[in-house]
Amino acid sequence: QSQLSQALNGLSDRAKEAKEFLVQLRNMVQQIQENSVEFEACLVAQCDALIDALNRRKAQLLARVNKEHEHKLKVVRDQISHCTVKLRQTTGLMEYCLEVIKENDPSGFLQISDALIRRVHLTEDQWGKGTLTPRMTTDFDLNLDNAPLLQSIHQLDFVQMKVSSPVPAPPILQLEECCTHNNSATLSWKQPPLSTVQVEGYILELDDGNGGQFREVYVGKETMCTVDGLHFNSTYSARVKAFNKTGVSPYSKTLVLQTSEDTQSEEQTLPFPVPLERSQLRRMSPFSSTLNLQPSFQGRSYFELRSSAHQLSLHSSLQSLNSAVDIKKMVAVAWFSFDPSSAHADIIFSNDNLTVTCNSYDDRVVLGKTGFSKGLHYWELSIDRYDNHPDPAFGVARIDVLKDAMLGKDDKAWAMYVDNNRSWFMHNNSHTNRTEGGITKGATVGVLLDLTRRTLTFSINEDQQGPVAFENLEGLFFPAVSLNRNVQV
């Protein structure tokens with residue numbers, strides 16, 4: 001009984017495996033049917049596309065035939081018209097000569113006979129060789145070469161749709177090279193050390209900073225990427241996966257990143273020091289298609305006013321920002337400076353890249369190093385030098401804005417340009433809202449970028465200049481200035 005019981009246990013295991021296998025086979029039947037329908041639809045679509053391409057080519061060839069047809073008809077009709085005119089002239093001359101021959105006055109005949117003889121010979125010569133030969137053949141000298149296409153159609157067949165190589169292994173995030181700085185985050189990853197599977201690229205995903213859905217922020221072959229334009233004082237989750245022709249790997253482990261919020265904006269490492277070469281990495285914003293090639297350092301932006309639930313006006317915000325105590329209570333400070341790497345070559349930098357002027361009389365553009373895509377941001381620029389009444393421009397721009405023209409000349413900048421008497425708003429070379437009041441040496445220009453309301457407002461010496469300058473702003477924006485050699489900011 002014991003032996004039989006043990007044998008039955010083994011047989012029971014085999015029966016259980018057989019039942020599971022039958023379920024798997026039945027699922028395969030269903031899957032085969034579904035795949036067959038999908039594959040047939042794909043095949044029909046591909047053949048229909050070939051037929052459509054052939055019909056389009058047929059229409060093109062018929063158009064060429066019609067063109068040749070019209071050309072032949074035109075040549076023949078022109079020859080008919082020309083020959084008809086000549087024949088009418090010849091017939092008229094013949095009829096006239098016959099009437100002259102009937103003339104009974106010999107002296108009168110002799111007076112015109114020589115001229116008529118010359119005219120008859122000249123007319124006969126005009127019907128010389130080639131005149132009565134058709135200028136166009138009736139045959140169409142076009143021969144359709146369809147042999148290559150027929151051969152391709154006969155060779156049309158299925159190819160192996162799947163490759164035998166496996167999908168890549170999940171990438172490994174290199175924590176010693178991952179960090180955040182201001183509102184950007186740098187991530188680095190690699191393939192597992194023992195993995196021999198070929199990888200064609202990687203997909204980096206980031207959530208929205210509020211625990212929302214992941215979105216793709218980078219697709220490519222690089223194994224390091226810096227994401228700019230994130231929200232300050234926010235927690236983001238990041239993950240990466242690899243892909244090749246076979247498919248996509250599982251995700252790596254999820255990494256949690258915290259963007260800066262303190263006034264020093266010290267670089268946060270996870271958990272080891274960051275190598276210096278990371279400042280050369282390519283970066284991509286998850287909220288726009290703009291590529292940014294720069295790191296972010298000194299300078300500052302006041303953002304996310306939190307003193308009360310109601311919205312604050314520009315003037316009251318500026319008054320509140322005058323108090324250092326209020327600043328600590330209300331706002332976080334993001335430090336940044338002007339960016340030499342993206343500026344026009346004529347821009348001159350000093351004071352740790354916080355001061356700029358220009359060596360050209362033409363307007364040149366310089367950007368700040370930090371880009372903003374969310375929140376409420378305010379910064380001020382002081383006019384250190386102002387000679388000969390130029391019109392510098394202040395505002396925000398995309399990273400790929402024109403650098404050799406006044407800010408606002410293209411569709412990638414939103415600016416206020418101002419002289420010593422008045423100002424204008426400009427975007428995409430469109431000037432609006434002329435406002436009295438200008439700048440002099442020592443003046444302060446304020447820029448308020450409210451990406452919650454999606455607006456841009458300007459001030460001069462803490463007084464709002466004109467109405468709200470621009471609305472419906474969305475994407476990644478960098479502080480921007482355009483100036484010439486007569487201005488230092």
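In this predicted model, four strands form an open sheet in the order S5-S4-S7-S8, with antiparallel pairing (strands are DSSP runs of E of at least two residues, numbered from the N terminus, and two strands pair if DSSP finds at least two bridges between them). Strand S5 (215–220) and strand S8 (255–258) stand at the edges with a single partner strand each, so one side of each has no neighbour in the sheet. From one strand to the next the twist averages 25°, taken between axes that are lines fitted to C-alpha atoms, with angles running from 0 to 180 degrees between N-to-C directions. Strand S4 (residues 201–206) is joined to S5 by five bridges, the two running antiparallel, and within this pairing Ile 203 stands opposite Val 219 in S5.

The loop between strand S3 (184–190) and S4 contains Gln 191, which is buried at a relative accessible area of 17% (buried means under 20%, exposed over 50%, and partly exposed in between, with a 1.4 Å probe and protein chains only). Leaving aside residues up to four places away in sequence, Gln 191 touches Pro 168, Ala 169, Pro 171, Val 199, Tyr 202 and Ala 242, a contact being heavy atoms within 4.5 Å.

The structure holds 13 salt bridges, each defined as a side-chain nitrogen of Lys or Arg within 4 Å of a carboxyl oxygen of Asp or Glu. One of them joins Asp 346 to Arg 364, with the closest N and O atoms 2.8 Å apart; because Asp 346 lies in the loop between strand S13 (332–334) and strand S14 (347–350) and Arg 364 in strand S16 (residues 364–367), the pair ties together parts that are 18 residues apart in sequence. Asp 346 is buried, at 19% relative accessible area, and Arg 364 is also buried, at 12%. By contrast, Glu 436 and Arg 434, whose side chains meet at 3.6 Å, are both exposed. Glu 205, Arg 239 and Lys 241 are linked in a network of salt bridges.

As for confidence, the chain averages a pLDDT of 81, with 83% of the residues scoring at least 70, where pLDDT is the predictor's confidence in each residue, from 0 to 100. Over residues 262–330 pLDDT stays under 50.

Residues are numbered from 1 along each chain as its sequence is written. Local features need pLDDT of at least 70 and side-chain atom pairs count only at pLDDT 80 or more, while totals for chains, interfaces and linings use all residues, and side-chain values use heavy atoms, with hydrogens and water left out.
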